[in-house]
Amino acid sequence: MTDQTHPLKQAFRDAMASNAAGVHVITTDGAAGRYGITMTAVTPVTDEPPTVMLCINRESAIIPILLANRSLCINTLSDGQQDIAEHFAGLTDLSPEERFEYHIWLRGQNGQLEVEGALAHLHGSITAQQEIGTHYVFFVALDEIKNHSQTDPALLYFRRSFKSLA
C-alpha cells in the first residue's frame with residue numbers, strides 16, 4: 001500500500017499523532033526467544049475477563065516470536081523511563097539483545113520479564129489474533145496484574161515525541 005493508493009494515509013497518521021497515548025514496553029520470553037518493543041497501541045477490551053488488545057505492524061521482528069511464545073508482559077512506563085522506551089523503540093544504538101542488558105528485570109508468575117519501576121505490569125497470553133491491513137491485532141487475556149505507583153506521572157507519546165503527564 002502506497003500513499004498514492006491510499007490518499008488518506010498521511011492524514012490518518014497525522015491525526016493519530018495528535019492522540020496522546022501511554023507508553024508501554026511489551027516483552028516476551030520463551031522457546032522462540034526473548035524480545036521487546038515500545039508500543040502505544042494498547043487498548044483495554046473488557047474487564048470480565050480482563051483482556052487488552054495490541055496492534056503491531058506485521059513487519060515487526062517481535063511478530064514470529066509472539067506467535068510462538070504466546071505469553072507476554074505489558075510494562076506501563078513512568079515519565080522517568082523514557083530511556084527504556086527509546087531503547088525498545090530502536091531509537092538508540094543498542095541491539096535487541098543489549099536492550100535487555102541495559103536495565104534491571106524482574107519476572108512475573110508466568111516467567112515474563114518486567115521492567116523494574118514500571119507503573120504497572122500486565123501479564124497474559126494471546127487468545128486470538130487477526131490481520132488487518134499492515135498490522136496484527138492481538139487479544140491478550142490477562143492472568144496477573146501488578147499496579148505500582150499511584151503518584152508517579154505516566155510517560156506519554158504525543159505529536160511524535162515523548163511527554164510527561166506531570
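1. A residue is called exposed here when its relative accessible area is over 50%, and buried when that area is under 20%. The structure under comment is a predicted model.

2. Helix α2 spans residues 62-69, and its buried residues are I62, I63, I65, L66 and N69. Viewed along the axis of α2, these buried residues fall within an arc of 165°, so they line one face of the helix. P64 and A68 are exposed on the other side of α2.

3. The buried residues of α2 pack against β2 (24-30), β3 (33-39), β5 (50-57), β6 (71-76), β9 (120-132) and β10 (135-147). Just after the helix, R70 adopts a positive phi of about 70°.

4. An open sheet is formed by 3 strands in the order β1-β11-β12, with antiparallel pairing. The edges are taken by β1 (21-22) and β12 (161-164), each having a single partner strand, so one side of each lacks a neighbour in the sheet. Strand β11 (residues 155-158) is joined to β12 by 4 bridges, and F158 stands opposite S161 in β12.

5. For the protein chain as a whole, the secondary structure comprises 4 helices and 12 strands. Among contacts with a separation of 6 or more, 62% involve residues 24 or more positions apart. Of the 166 residues, 38% count as buried.

6. On overall dimensions, a compact globule of 166 residues would have a radius of gyration near 15 Å, and the 16 Å of the protein chain agrees with this. The C-alpha atoms fill a box of roughly 45 × 35 × 35 Å along the principal axes. The protein chain exposes about 9,100 Å², of which carbon and sulfur atoms supply 53%.

Definitions and conventions: Residues are numbered from 1 along each chain as its sequence is written. This is a predicted model: local features need pLDDT of at least 70, side-chain atom pairs count only at pLDDT 80 or more; totals for chains, interfaces and linings use all residues. Side-chain values use heavy atoms; hydrogens and water are left out. Two strands pair if DSSP finds at least two bridges between them. Helices (H or I, at least four residues) and strands (E, at least two) are DSSP runs, numbered from the N terminus. Buried means under 20% relative accessible area, exposed over 50%, partly exposed in between (1.4 Å probe, protein chains only). The arc is that of the directions from the helix axis to the C-beta atoms. Contact means heavy atoms within 4.5 Å. The radius of gyration is taken over C-alpha atoms; the globule rule is 2.2 Å times the number of residues to the power 0.38. Accessible areas come from the Shrake-Rupley method with a 1.4 Å probe; for residues, only the protein chains shown count as cover.
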